[in-house]
Amino acid sequence: MKAKQEYKVVPRIPDRLAPLQSMAHNVMFSWQNEIRDLFQRIDPKLWEESGHNPVKLLGLVDQKRFDELARDTGFISQLDETAHRVELYLKSPPMAPETTCVAYFSAEFGLTTCVPIYSGGLGILAGDHLKSASDVNIPLVGVGLLYQEGYFHQYLNNDGWQMESYLDNLFDVMPLTKVLNDKGQPIKVYVRFKERQAAIAVWKIQVGRVPLYVLDTDLEENPPDIRATTAQLYGGDREMRIRQEIVLGVGGVRALKAMGITPTVIHMNEGHSAFSALERINLLRQDQGLTFDAAREIVRASTVFTTHTPVPAGNDTFDPNLARAYLEDYSKELGISWPVLLGYGRVNPRDDSEPFGVTPLSLRFASHANGVSKLHGLVSRNMWQNIWPKTPVEDTPIDSVTNGVHVSTWASREISRLYSRYLGQDWKEDPDPKRIWESIGQIPLSELWRAHCHCRERLIAFARRSLFKQLQRHGSPASVLRSSMEIFSPDALTIGFARRFATYKRATLLFSDPDRLSSILNHPERPIQIIIAGKAHPQDNEGKAFIKQIIHYSRDERFRNRILFLENYNIHLAALLTAGCDVWLNNPRRPLEACGTSGMKALVNGVLNLSILDGWWDEGYNPKYGWAIGSGEVDSNQELQDQTESQALYNLLERQVGPDFYTRTSDGIPVAWCEMMRQSIKDLVPRFNSHRMVLEYYERFYRQSSDRYNALTKDNYKPAAEQAAWCNKLMTSWQDVSVIDLSSVSDGSKTVGQSVSVMAKINLGALLPEDVTVEAYYGDMDHQGEFISRQTLSLTSSGQDSNGVYNYQGQIVCDKPGRFGYTVRVMPSRDKLGNPFVLGLVAWA
């Protein structure tokens, strides 16, 4: 039976303790130890029972305890000091001008364990992005979905097969609030699913200075199937997925408008929010009376898109008939036909057999697109080159911004104390991530080692408790339960492997030769133990089979006290593992790991990386602070590659990793190992932290995009209309653009320091020199005359000849010896387009 009326009971907190409420509703507690300490002090046992959820904790504390705390001078002093620091943090002015507002869209956000609206690396990265935007104080808001059941909870049956369960999130005891309008009523926006209307509520999660708005379809007025749209993250079929993406993209933009927020930049974190670009066009047409073309220029100039995976499953596509059912009527609102909208979502708009893809759609509406590591940028350019078929792969407009992690979230309590002691108390918010880490060398190796040993001890204690619970659930006998509390040594070399169990991550590579692995792990003087964790997607049976295989190996007598799989990988477990392990193992199949930020989380704790040269490790590796499996080879024979790299892994464990860890001084400290730990922190944390990442996005993309948005929307949007007319002129006139002659004043041989004079005759047809950029495209060549590397040089117009042909010229400086060549190309003006490649127009000599 359902209740007829609903009411809410909240704790009666004494006025003197009022700051607890505001701090409980700001997830700063996820990265500020002093806030966590405050809530833990209220009642340590309840703090654990609440899942480190301060909102839930305050609802569990009885009134007597609140009254005691209000009279506790020590607690009040700690409360006042913490509240004062939080107030100063929240009130500091933003670093960007008021004319800038970035809206960051993502299908998942990993902020803290008690807000389970994430599945893995994509969500954790999004959460770290918001946290760093808060710390460096960039004006940014987040937009996501509020899942009633979140991602699944993992447990294993007796045979080691992954099972899934879904638990309802109780929003009233989570650190979020429903967004109200100026009349005190909940804000609601609406989208259409075919012929039906879907209502969407808006909630807010405060992330330091940054608000995250999350959308919820679980409303009484929606029919059951529509209510379920935001039930599960990555659950359901393709129709459920397109519904979720409509809610995120279209509903998200409408929610921002309902709250009076007009972003100057939208950053789409993966293609799930691609429809946000379409809805911004829709609103500009409705509210400002713009044409589709004029609105498109504004949106394209102010959209940033980050692609996260070269794996096809990470790039959503939809059958054209399914997409048409949901989007054909919407295309009419946009002022374009359905075939035109369908073409925006295809690599080849004329290929009727191609599905509708959100990645091509996102790329076509973004002036800045990027992969998440240098190698991934290269892979993405090759993957999506055919969207711009006349552009060389090197110039495919997909750049790279390497991911980073939020250091104060992932640094353990012990390591954080060291950083505060030797870097200064403000290291967490310092906007200069390079300068602050120069002082790492001041940390004594003995202190660094002691701090790390505490982290390992805590991990082993947690692992024992977790194994006990797993065995108890399976009905194991008392003797087995007792032995589980003695598994693993807190002093042994501990390797961690934790991530999604996608098959390309090769979780079972370690077990390619079980006998050799056994001899390595059970070395009498250098024992090694391995903790493994991770989830396979509910529909990924191959990934589940990998987990089952590992469970069976862990029960083998050879590995019983050497290998352990921990269930239900989440933020809390990730923090324990990345702080408590000594080595972080990552062995994906290159180049399928876009970045791999788990290794960065380990890095901030001084944990050393042992990895394939893929993702971030391809640019971060140095033998001074880690190990590389192989040399970056890619073999079409995957079986042979697995065999080769597994042997390379065994060799490293046997000959380098194990001996290095167990080589100790008389006081028991592995000095050379600790020096590697300290050096890795000093050199790599400044490069691979999310403060650097967010500032890089701001300096390279956000600021320029915001400026272009403001320039195009001034004077009642007149510049946008002019830009659209200019683009249309380019599109209709480009067929007449050509390079009709190319020459140079050269005898074919130059010495270093001399120049090659380049002269080109260009037919621009109806266009003018200010409409185009003419460039010399030059570089060193291979034996077949193909460019090995290339540079560009803008050529200058010296006027027209009597036939109306424009003369362009320039000087290429010869700065090194070798075999070189050049050609010339004509593109739309770089000055008028933030990204001259987006129109796909180019004419080559």
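This is a predicted model: local features need pLDDT of at least 70, side-chain atom pairs count only at pLDDT 80 or more; totals for chains, interfaces and linings use all residues.

Biologist: OK, what's the strand order in the open sheet of six strands?

Modeller: The order is S17-S16-S15-S18-S19-S20, and the pairing is parallel.

Biologist: Which strands stand at the edges there?

Modeller: Strand S17 (563-566) and strand S20 (626-629). Each has a single partner strand, so one side of each is left without a neighbour in the sheet.

Biologist: And how are neighbouring strands of this sheet turned against each other?

Modeller: By 20° on average, if you ignore direction.

Biologist: How many bridges join S15 to S18?

Modeller: Two, linking residues 493-498 of S15 with residues 583-586 of S18, and these strands run parallel. Isoleucine 495, for instance, has valine 583 in S18 as its bridge partner.

Biologist: Which strands does helix H26 lie across?

Modeller: H26 (residues 638-662) lies across S15, strand S16 (528-533), S18, strand S19 (608-612) and S20. Its direction is at about 165° to S20.

Biologist: Now the open sheet of four strands. What's the order, and is the pairing parallel or antiparallel?

Modeller: Antiparallel, in the order S24-S23-S27-S28. Strand S24 (791-794) and strand S28 (843-844) are the edge strands, pairing on one side only.

Biologist: How many bridges between S23 and S27?

Modeller: Nine, between residues 772-780 of S23 and residues 820-828 of S27. Aspartate 780 is set opposite phenylalanine 820 in S27.

Biologist: Switching to helices. At what angle do H9 and H10 pack?

Modeller: About 40°, with the axes of H9 (residues 238-258) and H10 (residues 275-288) 8 Å apart. The two helices are therefore oblique to each other, and H9 passes H10 in a right-handed crossing.

Biologist: Which residues make that contact?

Modeller: From H9 you have Ile242, Glu245, Ile246, Gly249, Val250, Val253, Arg254 and Lys257. H10 brings Phe275, Ser276, Glu279, Arg280, Asn282, Leu283 and Asp287. Sorted by class, the contact of H9 with H10 has six nonpolar, three polar and six charged residues.

Biologist: What about H19 and H23, what's their angle?

Modeller: H19 (residues 445-473) and H23 (residues 571-580) pack at about 135°, with their axes 8 Å apart. That makes H19 oblique to H23, and the crossing is left-handed.

Biologist: Who meets whom there?

Modeller: On the H19 side it's His452, Cys455, Arg456, Arg458, Leu459 and Phe462, and they meet His572, Leu573, Leu576, Leu577, Ala579 and Gly580 in H23. The contact of H19 with H23 comes out as seven nonpolar, three polar and two charged residues.

Biologist: Which residues of helix H15 are buried?

Modeller: In H15 (residues 374-383), the buried ones are Leu375, His376, Gly377, Val379, Ser380 and Arg381. They pack against strand S13 (368-371), strand S14 (399-400) and helix H25 (617-620).

Biologist: Last one: where does lysine 750 lie?

Modeller: In the loop between strand S21 (738-745) and strand S22 (755-763). Lysine 750 is partly exposed, with a relative accessible area of 34%.

Biologist: And how far apart are lysine 750 and cysteine 814?

Modeller: They're 64 residues apart in sequence, and 7.4 Å apart in space from C-alpha to C-alpha.

Terms used
Residues are numbered from 1 along each chain as its sequence is written. Side-chain values use heavy atoms; hydrogens and water are left out. Two strands pair if DSSP finds at least two bridges between them. Axes are lines fitted to C-alpha atoms, for helices over the stretch in contact, and angles run from 0 to 180 degrees between N-to-C directions. Contact means heavy atoms within 4.5 Å. Angles under 35 degrees count as roughly parallel, over 145 as roughly antiparallel, 65 to 115 as roughly perpendicular and the rest as oblique. A crossing is left-handed if the near helix is turned anticlockwise from the far one by less than a right angle, and right-handed if clockwise. Ala, Val, Leu, Ile, Met, Phe, Trp, Tyr, Cys and Pro count as nonpolar, Asp, Glu, Lys and Arg as charged, and the others, Gly among them, as polar. Buried means under 20% relative accessible area, exposed over 50%, partly exposed in between (1.4 Å probe, protein chains only).
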